[in-house]
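Hi,

Here is the structure I promised to pass on. Have a look at it first, and then read my notes below.

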Amino acid sequence: MNFGPDYVRAIAPYQGGKPISEVAREFGLDEATIVKLASNENPLGLPDSARQAMMTALTELARYPDSNGFDLKGAISKKFGVPTDWITLGNGSNDILELAARSLVTAGQSVVYAEYSFAVYPLATQAVGARHIVVPAKNFGHDLQAMRAAITAETRLVFVANPNNPTGSFIKGEDIHAFIASVPESVVVVLDEAYTEYLSAAHRYDSLCWVSEFPNLIVSRSFSKAYGLAGLRVGFGIAQPGLTDLMNRLRQPFNVNSLAQAAAIAALNDETYLEKSAVLNAEGYQQLTAAFDQMGIEYLPSFGNFVLFRAGTEDGAGARVNVALLKKGIIVRPVGNYGLPQWLRVSIGLPDENAAFLTALKLVLS
């Protein structure tokens, strides 16, 4: 007997990057020698400020967390100059993406997103029985003009990632603003900015000020990348109260735990750590791309904390090179599920981690 609706049974579960322990078991390796550059995590590790905040919060773990996240919302409000009733807290930013789909889209309606964009968009769409409108990529990034043309009378949601994962592409702020302005008011745009903290000053734009202009805009942010809190699962969305009210009706009670809230408040105000993360990332990007240039490896310019590179010309190149790297204790991310079977995504790590990856890659490709 088949249980549940067909569209749920058709979902392929999300596959995260392989954990170090699994690779050690599978290939008989010492965990201490394995380098993981698969999940776009911050190689600096947990900020000391967040660690200290969690130690203080440990004494209250027998009690439920603040379901409304009063202190964390207050810190976000102060940091970004937005009212607290514009804020929805999420168990990671993908929780915000899924809340948007669940609260705004019903079976038979449609969701628009770009080819080669974050895997959660199709998952969130399919989970509510909606129709996918996947717009072909332009230079491996979003074709906003084509995405606008793809919106139909049944469309209720559009996902836009900037920078985009896994390709690393970037859209200028003025182009995104013009796109949102062109979208019908009945269609909500989710601007997914999980990697925005890695943008240089020259590429920054203030999307949060657009929320007061557009009642159909949700800006999604994450603490998992530049803030170094991936294991705690905490993110947030910014939108006008008409949208935050809807999402909070479906948000699970206590969806952000006490340690995550305490750590997020500390990390949010740790400018030293954030700056160090950005500098390390920029230097690591140069280290990887300079080596790719020297090796004649094709890669895409990236504005995140990762680089997408072509592992070979045959369709199975990504999978083949990925397995060969795993055997050498290097974990990167295959992207065949994105329709990119020749490519691999490597997260930017510490200098010695990047060097270990490059050494292994040279051996594999030779």
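Predicted model: local features only at pLDDT ≥ 70, side-chain atom pairs only at ≥ 80, totals over all residues.

Is Val-183 buried or exposed? Its relative accessible area is 5%, and the cut-off for buried is under 20%, so Val-183 counts as buried. If you leave aside neighbours within four places in sequence, Val-183 is in contact with Arg-148, Ile-151, Val-189 and Asn-216. Ile-151 is 32 residues away along the chain, and its C-alpha atom is separated from that of Val-183 by 8.3 Å.

For a contrast, go to Ala-149 in helix α7 (residues 144–150). Ala-149 has a relative accessible area of 66%, and exposed means over 50%, so this residue is exposed. Between Ala-149 and Ser-110 there are 14 Å in space, C-alpha to C-alpha, and 39 residues in sequence.

- β2 (residues 87–90) pairs with β8 (residues 235–238) in the antiparallel sense, over four bridges. Thr-88 stands opposite Gly-237 in β8.
- β8 is also joined to β7 (residues 217–222) by four bridges, and these two run antiparallel. Here Ser-222 stands opposite Gly-235 of β8.

Which way do the residues of β2 point? In a regular strand the side chains alternate between the two faces of the sheet. In β2, Ile-87 and Leu-89 point one way, Thr-88 and Gly-90 point the other way, and all are buried.

α5 (residues 93–104) and α9 (residues 241–250) pack at an angle of about 95 degrees, with axes 9 Å apart. Angles of 65 to 115 degrees count as roughly perpendicular, and α5 and α9 are therefore roughly perpendicular to each other. On the α5 side the contact is made by Ile-96, Leu-99, Ala-100, Arg-102, Ser-103 and Leu-104, and on the α9 side by Leu-243, Leu-246, Met-247 and Leu-250. Eight of these residues are nonpolar, one is polar and one is charged.

There is a second sheet to look at. Three strands form an open sheet in the order β9-β12-β11, with antiparallel pairing. β9 (306–310) and β11 (333–334) are at the edges with a single partner strand each, so one side of each has no neighbour in the sheet. Five bridges pair β9 with β12 (residues 343–347) in the antiparallel sense. Arg-310 stands opposite Trp-343 in β12, and Phe-309 has Leu-344 as its bridge partner there. β9 is mostly covered, with four of its five residues buried. Helix α11 (residues 271–295) lies across β9 and β12 and runs at about 10 degrees to β9.

Last, the nonpolar cores. The largest has 58 residues, and Met-147, Phe-179, Leu-217, Phe-223, Leu-229 and Ile-238 have the most contacts inside it. Helix α10 (residues 258–268) supplies the largest share of this core, seven residues. Apart from it lies another core of 32 residues, including Ala-101, Tyr-121, Val-128 and Val-188. Not counting residues up to four places away in sequence, Leu-229 touches Leu-46, Pro-47, Ala-50, Phe-223, Ser-224, Val-234, Ala-263, Ala-264 and Ala-267.

Cheers

Definitions and conventions
Residues numbered from 1 in each chain as written. Heavy atoms only, no water. Axes fitted to C-alpha atoms, helices over the stretch in contact; angles between N-to-C directions. Parallel < 35°, antiparallel > 145°, perpendicular 65-115°, else oblique. Contact = heavy atoms within 4.5 Å. Nonpolar A, V, L, I, M, F, W, Y, C, P; charged D, E, K, R; others polar. Core = buried A, V, L, I, M, F, W, Y, C linked by side-chain atoms within 4.5 Å. Buried < 20%, exposed > 50% of the residue type's maximum accessible area, 1.4 Å probe, protein only. Pairing = 2+ DSSP bridges.
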